[in-house]
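Please read them with the structure open.

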Amino acid sequence: MIKKRYLAILLIILIVAVYGFVTINQSAHEPQTTVNETQTTTHEFLGNDSTGSVEVIRNVGNPNGERVAYVVGVHPLENDTHKTLLNLLQQQANLNCCYDIYIINVDLDFSQYGQLYPDDEPGRAEGQDLAYKYVYPAIVNGSYKFAVDVHAHGGAYPYDTFVFCPVDGGTGESYGRNVSESTQNVSYYNPYQTTSGPYLTIPLNENGIPAIYFEENSFYSQDIKDSHMMELIRGVDNLKL
Ligand SMILES: [Zn+2]
């Protein structure tokens, strides 16, 4: 009787051992997932205060490429272009550069405002303050070659889709002009008045990081916004940094 019980236990151990061996062996022979660029992408929380939070998606594109920062959310109401960049940049294969996307989330509810009008103000001051507090130090102390701050407008400018560097005469301006020249629909136009410049792009340019604005007309259809954003993405990615 005891012998039979031992035999039964032995048999169970044997079955478990064989099953385990087969399972380990199988997983060892499963095709390895190819190492692609997206596997290096990380999503990090940078900080928050009573007005909102800031996060960053790192290493989008070529992890060995020159580092470029995109910023979205400085003016939260302009979120149509922010979503467009977030969506399209992360879908691209074979990018030359390595991108970090800084995302500013203002807690204020601005969703009810719909499309943008020039006098829509909610969240602007909060987004700018969050940019200066969290995004500016992260970019100026990072090893970035270039930064792009993504905005939208309600049609108050003589150009609908444009880039510009708020500081004339430096590398930022020449990168901005190069991006514009390499695209069909992205003009170079400096309006010489920005509310957010002092919170991000101006101090970046003054402290060694060339930085430009991208502005898009919020009233364009999503298709046009997508195609303009692709022009920006390619124009930036093909810069000689
Ligand atoms: Zn703006």
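1. Tyrosine 192 sits in the loop between S7 and H5; helices (H or I, at least four residues) and strands (E, at least two) are DSSP runs, numbered from the N terminus. Its phi is positive, about 55 degrees, although tyrosine 192 is not a glycine. Most residues other than glycine have a negative phi. With 58% relative accessibility, tyrosine 192 counts as exposed, where exposed means over 50% relative accessible area, buried under 20% and partly exposed in between (1.4 Å probe, protein chains only).

2. On provenance: this is a predicted model, in which local features need pLDDT of at least 70, side-chain atom pairs count only at pLDDT 80 or more, and totals for chains, interfaces and linings use all residues. Residues are numbered from 1 along each chain as its sequence is written, and side-chain values use heavy atoms, with hydrogens and water left out.

3. Asparagine 94 also deserves a look. This residue is not a glycine, yet has a positive phi of about 60 degrees. Asparagine 94 is placed in the loop between helix H2 (79–89) and S4, and at 66% relative accessibility it counts as exposed.

4. Overall content: the protein chain has 6 helices and 8 strands, which follow the pattern α-β-β-β-α-β-α-β-β-α-β-α-β-α along the sequence. Of the 241 residues in the protein chain, 46% are buried. Contacts (heavy atoms within 4.5 Å) between residues at least 6 apart in sequence join residues at least 24 apart in 79% of cases. The accessible surface is about 12,800 Å², and carbon and sulfur atoms account for 54% of it; these areas come from the Shrake-Rupley method with a 1.4 Å probe.

5. Strand S4 is mostly covered, with 8 of its 9 residues buried. S4 pairs with S2 in the antiparallel sense over 8 bridges, and with S3 in the parallel sense over 6 bridges.

6. Serine 53, in strand S2, counts as buried at 18% relative accessibility. Leaving out residues up to four places away in sequence, serine 53 touches Phe45, Gly47, Asn48, Ile103, Ile104, Asn105 and Leu130.

7. Threonine 51 belongs to the loop between S1 and S2 and counts as partly exposed at 25% relative accessibility. Its C-alpha atom is separated by 5.7 Å from that of aspartate 107, 56 residues apart along the chain. Again not counting residues up to four places away in sequence, the residues touched by threonine 51 are Asn105, Val106, Asp107, Glu126 and Leu130.

8. Strands S5 (residues 146–153) and S8 (residues 211–217) run parallel and are joined by 7 bridges. Aspartate 149 stands opposite tyrosine 213 in S8.

9. Buried residues of H3 include Arg124, Gly127, Gln128, Leu130 and Tyr136. Their cover includes S1, strand S2 (52–61), S3, S4, S5 and helix H5 (201–206).

10. Which residues of helix H4 (residues 171–181) are buried? They are Gly172, Glu173, Tyr175, Gly176, Val179 and Ser180. These residues cover an arc of only 165 degrees around the axis, which puts them on the same side of H4; the arc is that of the directions from the helix axis to the C-beta atoms. The buried residues of H4 pack against S5, S6, S7, H5, S8 and H6.

Technical notes
Two strands pair if DSSP finds at least two bridges between them.
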